[in-house]
Amino acid sequence: PNLFTTASLFAAFYSIIASMKGNYEAAVIAIFIGMIADGLDGRIARLTNTQTAFGAQYDSLSDMVTFGVAPSILLYGWILHQFGKVGWVVAFVYTACVALRLARFNTQVETADKRYFQGLACPPAAAVITSYAWLCQQHGLQNHYFLVITAFVTIGIAALMVSNIRYHSFKEIDFRGKVPFLYLLIIIILFAAIAANPALVLFIGFLLYALSGPLFTLWKLKRLRDKK
């Protein structure tokens with residue numbers, strides 16, 4: 001599992017170098033590769049029963065770079081630098097919220113409900129802002145209008161990470177047994193859609209997940225008010 005964590009960290013380092021060179025598409029792809037590696041290390045550790053305290057801490061430190069530092073540098077180098085000091089403050093706020101999110105997760109890992117995350121998890125948060133940057137980069141959307149939108153999207157995603165809004169973790173899904181045919185069909189369709197237009201599909205998918213938390217919370221509040 002630690003090899004996959006190292007792969008995630010290497011992808012983040014490569015993303016930072018690519019951002020510094022202005023190769024933002026490669027930087028985004030590297031972050032998504034790091035996300036895949038990060039998702040595999042925990043599952044492999046559980047499947048092989050090789051979970052350790054060292055691995056958990058190493059994974060958390062790697063997540064800070066992969067989902068905190070690398071996306072912030074990407075956004076700042078791509079468009080936020082046009083805002084001057086406000087731009088780097090926005091990038092720093094996102095990085096700080098990732099650190100706070102990881103610290104809270106580590107302190108609550110033993111007591112939290114495994115079915116839900118408290119606040120938006122760091123990987124989908126990074127996926128939203130990096131896929132957004134990828135989509136805008138492909139269509140040359142870098143004017144002042146999109147600069148303002150980028151700042152608001154970044155702050156909004158950062159706020160969701162440190163909020164108390166609950167998100168489904170999908171950890172109850174078990175692929176070790178028989179997998180229904182419908183699941184396989186959905187995965188095939190999803191892969192085909194990502195291959196056709198990865199930036200657009202990834203952005204829409206992760207944005208919908210980021211919005212699912214607030215929408216689910218509002219729906220629950222509405223049900224409680226109706227009962228009263």
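Guide: Let us begin with the surface. Accessible areas come from the Shrake-Rupley method with a 1.4 Å probe. Please keep in mind that the structure shown is a predicted model.

Visitor: What does the accessible surface of the chain come to, and what share belongs to carbon and sulfur atoms?

Guide: The accessible surface is about 13200 Å². Carbon and sulfur atoms account for 71% of that area.

Visitor: How many helices and strands does the chain have?

Guide: There are 8 helices and 2 strands. In sequence order, the pattern reads α-α-α-α-β-α-α-β-α-α. The radius of gyration is 18 Å, close to the 17 Å that the globule rule gives for 228 residues, so the chain is as compact as a globular protein of that length. The C-alpha trace spans about 50 × 50 × 40 Å along its principal axes.

Visitor: How should I read the contacts in the chain?

Guide: Contact means heavy atoms within 4.5 Å. Among contacts with a separation of 6 or more, 82% are between residues 24 or more positions apart.

Visitor: Where do the mean positions of the positive and negative charges lie relative to each other?

Guide: The chain has 18 positive and 10 negative charges, and their mean positions are 9 Å apart.

Visitor: May we turn to a single helix? What length does α2 reach, and what is expected?

Guide: An α-helix has 3.6 residues a turn, so residues three or four places apart point the same way. Helix α2 covers residues 24-47 and has 24 residues. From its first C-alpha to its last, α2 reaches 35 Å, close to the 34 Å expected at 1.5 Å a residue. Just after α2, Asn49 takes a positive phi of about 55°.

Visitor: How is a residue judged to be buried or exposed?

Guide: A residue is buried if its relative accessible area is under 20%, and exposed if that area is over 50%. Buried residues make up 38% of the 228 residues here. Ser15, found in helix α1, counts as buried because its relative accessibility is 0%.

Visitor: Which residues does Ser15 touch, leaving out those up to four places away in sequence?

Guide: Ser15 touches Ala27, Ala30, Ile31 and Ala70.

Visitor: Is Ser72 buried or exposed?

Guide: Ser72 belongs to helix α3, residues 53-78. With a relative accessible area of 6%, Ser72 is buried. Setting aside neighbours within four places in sequence, Ser72 is in contact with Ala91, Tyr94 and Thr95.

Visitor: What can be said of Ile129 in helix α5?

Guide: Helix α5 runs over residues 122-138 and contains Ile129. Ile129 is buried, at a relative accessible area of 1%. Apart from residues up to four places away in sequence, Ile129 touches Pro71, Leu75, Tyr94, Val153, Thr154 and Ile157. Arg115 is 14 residues from Ile129 along the chain, and their C-alpha atoms are separated by 25 Å.

Visitor: And which residues does Ala127 touch, again leaving out those up to four places away in sequence?

Guide: Ala127, which also lies in helix α5, touches Phe32, Met35 and Phe206. Ala127 counts as buried, at 0% relative accessibility. Its C-alpha atom is separated by 20 Å from that of His81, a residue 46 places from Ala127 along the chain.

Technical notes:
Residues numbered from 1 in each chain as written. Predicted model: local features only at pLDDT ≥ 70, side-chain atom pairs only at ≥ 80, totals over all residues. Heavy atoms only, no water. Helix = DSSP H or I, 4+ residues; strand = E, 2+ residues; numbered from the N terminus. Rg over C-alpha atoms; globule rule 2.2 N^0.38 Å. Buried < 20%, exposed > 50% of the residue type's maximum accessible area, 1.4 Å probe, protein only. Lys, Arg positive; Asp, Glu negative; His and termini not counted. Charge placed at Lys NZ, Arg CZ, Asp CG, Glu CD. Expected span 1.5 Å × (residues − 1).
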